[in-house]
Amino acid sequence: MKKLFLFMLLTGLGLMMVSSCDKISDLTLNPDETVAKEGNYWITQGSDIPNTTVTVSENKKGVATMSFSYNGEDYAIKAKVTKTKVQDFVYSNGDEDKPFTLVDFDAKVGDKWEYKVGTETVVREVVHKSTDDDYMVWALGMMIKVSQVEETIPEGIMVMGYPTGAKKILWTFNHKFGWIGAEITKRDDTMVYLGLNETNAGL
């Protein structure tokens with residue numbers, strides 16, 4: 001179960017590819033001008049999950065590959081980046097023709113995206129969008145603006161062949177630094193927290 005939670009949460013980390021200054025152009029992408037620059041890394045810390053370093057190992061025209069190791073095994077996850085959106089392939093089991101929006105920095109509170117998995121529907125809804133620097137990130141030593149997206153996962157949903165074990169995830173993102181953290185609510189209502197410990201992106 002820990003392995004699955006780590007995969008889900010680090011998938012969110014892998015979806016942080018947003019330009020630190022300019023929005024990404026679909027056709028003229030230069031990865032070196034974005035936080036998805038090869039070699040950029042993020043170190044995560046969390047409750048009941050080991051600290052993990054996630055590194056951009058490849059970026060091809062906006063589809064970035066994030067690599068990390070867990071229990072001696074290597075993993076890679078991908079994210080699709082457009083001008084204003086970050087999308088993942090978690091619920092399509094890696095099918096890059098079926099992206100699911102995780103965050104859209106032009107979205108407003110109340111905006112939502114849905115993804116059908118069998119007869120069930122996963123919902124992601126914007127629940128907070130800062131207008132001022134109102135969110136403290138100790139790893140960065142500063143207050144920042146954030147967008148928060150709440151993901152609701154019906155019981156029985158499978159991810160990469162495993163039951164999710166989670167019913168909600170509150171994702172926190174920033175337009176410059178990308179992924180900031182996640183709060184996951186498990187089926188038994190216990191919580192798992194994952195946050196940013198260190199990064200060389202956006203600095």
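This is a predicted model: local features need pLDDT of at least 70, side-chain atom pairs count only at pLDDT 80 or more; totals for chains, interfaces and linings use all residues.
**Salt bridges**

A search of the whole structure finds 9 salt bridges.

| Pair | Closest N and O atoms |
|---|---|
| E58 and K60 | 3.7 Å |
| K78 and E96 | 3.3 Å |
| D88 and R124 | 2.6 Å |

The bridge between D88 and R124 links distant parts of the chain: D88 belongs to strand β5 and R124 to strand β8 (residues 120–129), 36 residues apart. D88 has a relative accessibility of 1% and counts as buried. R124, at 2%, is buried as well. Salt bridges with shared partners join D88, R124 and E151 into one network.

The bridge between K78 and E96 also connects distant parts of the chain, with K78 in strand β4 (residues 73–81) and E96 in the loop between β5 and β6, 18 residues apart. K78 is partly exposed at 36% relative accessibility, and E96 is partly exposed at 36%.

In the bridge between E58 and K60, E58 is partly exposed, with a relative accessible area of 31%. K60 has a relative accessible area of 56% and is therefore exposed, the cut-off being over 50%.

**Polar contacts of buried residues**

Q87 lies in strand β5 and is buried, with a relative accessible area of 10%. The side chain of Q87 makes a polar contact with the side chain of T101 at 3.2 Å.

T52 is part of strand β2 (residues 49–60). With a relative accessibility of 4%, T52 counts as buried because the limit for that class is under 20%. The side chain of T52 reaches the backbone oxygen of P50 at 3.0 Å. T52 and F68 are 16 residues apart along the chain, and their C-alpha atoms are separated by 7.2 Å.

The relative accessible area of N93 is 47%, which makes N93 partly exposed.

D189 is located in the loop between β15 (178–186) and β16 (191–199), and is partly exposed with a relative accessible area of 48%.

Notes
Residues are numbered from 1 along each chain as its sequence is written. Side-chain values use heavy atoms; hydrogens and water are left out. Buried means under 20% relative accessible area, exposed over 50%, partly exposed in between (1.4 Å probe, protein chains only). Helices (H or I, at least four residues) and strands (E, at least two) are DSSP runs, numbered from the N terminus. A polar contact is a pair of N or O atoms within 3.5 Å; within protein, one must be able to donate a hydrogen and the other to accept it, and residues adjacent in sequence count only if both atoms are side-chain atoms. A salt bridge is a side-chain nitrogen of Lys or Arg within 4 Å of a carboxyl oxygen of Asp or Glu.
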